Amino acid sequence: MNTYNFRGKAPFYLAFVYALLILILCIEVFPVLYIIMMSLASKQEIVTRGFFLIPREWSLNAYAYLIDNSNFMQAFRSSLTITSVGTVFSMAMTTLMAYGLSKPWLKGRTALNFMVLFTMLFSGGIIPLYLLVMNLHLLNSYWSLFLTGAIIPFNLIVIRSFFQGFPTEVEESARIDGCSELGLLWRIVLPLSLPVIATFSLFYAVDYWNTYFNAILYLSDGSKLPLQVFLRQMMNVSDGSQVATESGIEFSPAVRMAAVIFTAVPLLIVYPFLQKYFNQGALLGSVKG
């Protein structure tokens, strides 16, 4: 069997790969760096200089302006509430359903699994869902966001596949010791499933943090609108020097960029703490399935 010898050309290929990766890194880092620098520049410098990467005059006025604005902070608190409560609720619903569907003895398991797969391909549409939320008197309530996004079918299938690969001997030993199904899930299965739980908790958190369409569809109270809706309102202003009559925020370029940084920072803070679980949990259940 003929084998190709890469030993002589390895340095060239490595140099090409490193150069390509550095180029891709620069392309991805450049917009982020530009946004950060713009948020730290003064309004006068942005107007006079136009495009730049390093500001001559450093200023934190944009961040101070947002922190002092009650409407922006209310939107920030709304996003924190939606994300924290919604993530816990969705993970509880997804975990309970996935654990039940992973048990072969569950009656109607095949039909329920088919219903889950069916929703991945077909949906009822926006209007029927809106009418359902309205008839349940959930409009202008956070529960309209929690219930409509309680379970994502893909997340459910992966977690269910992981539970199916859980050792049956451990479960049988716990049942012999008198442990109930709920106690088995809480005391044994969940502690051993931290990689999967942490991974999909972050997935749900990102979805809730980036909630935009459902928020403008179901929420009409301005005090309950999340940060993404508020940020969209800022970006829709055509003139950067305009003052929004409703919110009272000066939508200067520096304030806009600072708002973008505020929107991205919470997830950037949480991600490093959960990163160690990703290699173990992101694809573990799907490989088992």
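Visitor: Is I216 buried, partly exposed or exposed?

Guide: Happy to start there, and please keep in mind that this is a predicted model. I216 sits in helix α12. Its relative accessible area is 42%. Buried needs a value under 20% and exposed a value over 50%, so this one falls in between. I216 is therefore partly exposed.

Visitor: How far apart in space are I216 and V229, C-alpha to C-alpha?

Guide: Along the sequence, 13 residues separate I216 and V229. In space, the distance from C-alpha to C-alpha is 7.3 Å.

Visitor: Which helix gives the most to the lining of the largest pocket?

Guide: The largest pocket holds about 1,000 Å³ of space, and 37 residues line it. Several helices supply at least two lining residues each, including α4 (70-101), α8 (153-164) and α11 (194-209). With six residues, the one that gives the most is α5.

Visitor: Which residues are closest to the centre of the largest pocket?

Guide: Helix α7 is among the helices that each supply at least two residues of the lining, and α7 covers residues 143-148. Of the 37 lining residues, the closest to the centre are L129, L147, T148, G149 and I151.

Visitor: With which residues is I152 in contact, leaving aside its neighbours within four places in sequence?

Guide: I152 belongs to the loop between α7 and α8. Its relative accessible area is 26%, so I152 is partly exposed. The C-alpha atom of I152 is 8.7 Å from that of M120, a residue 32 places away along the chain. With the sequence neighbours left aside, the contacts of I152 are Y204 and D207.

Visitor: Is H137 buried or exposed?

Guide: H137 lies in the loop between α6 and α7, and its phi is near 60°, a positive value in a residue other than glycine. Most residues other than glycine have a negative phi. The relative accessibility of H137 is 72%, and because the cut-off for exposed is over 50%, H137 counts as exposed.

Visitor: What is the phi of N140?

Guide: N140 also has its place in the loop between α6 and α7. At a relative accessible area of 24%, N140 is partly exposed. N140 is not a glycine, yet its phi is positive, at about 65°.

Visitor: Which helix has the lowest confidence?

Guide: The protein averages a pLDDT of 83, and 87% of the residues score at least 70. Helix α7 has the highest confidence, with a mean of 94. Residues 285-289 stay under 50, and the model has six contacts for them beyond four places in sequence. The lowest confidence, at a mean of 47, is in helix α15.

Visitor: How much of the chain over residues 184-206 is helix?

Guide: The secondary structure of the protein comes to 15 helices and zero strands. In its unreviewed UniProt entry, the annotation "transmembrane region" covers several stretches, including residues 111-131 and 184-206. Over residues 111-131 the chain is 81% helix, with end C-alpha atoms 26 Å apart. Over residues 184-206 the end C-alpha atoms are 29 Å apart, and the helix share is 83%.

Conventions
Residues numbered from 1 in each chain as written. Predicted model: local features only at pLDDT ≥ 70, side-chain atom pairs only at ≥ 80, totals over all residues. Heavy atoms only, no water. pLDDT = per-residue confidence, 0-100. Helix = DSSP H or I, 4+ residues; strand = E, 2+ residues; numbered from the N terminus. Contact = heavy atoms within 4.5 Å. UniProt positions renumbered as here; feature names shortened; annotations may be inferred. 1 Å grid on protein atoms, 1.4 Å probe; cavity = no way out; pocket = protein on both sides within 12 Å on 5 of 7 lines; lining within 4 Å. Points joined across faces, edges and corners; volume = space filled by probe spheres on them. Buried < 20%, exposed > 50% of the residue type's maximum accessible area, 1.4 Å probe, protein only.
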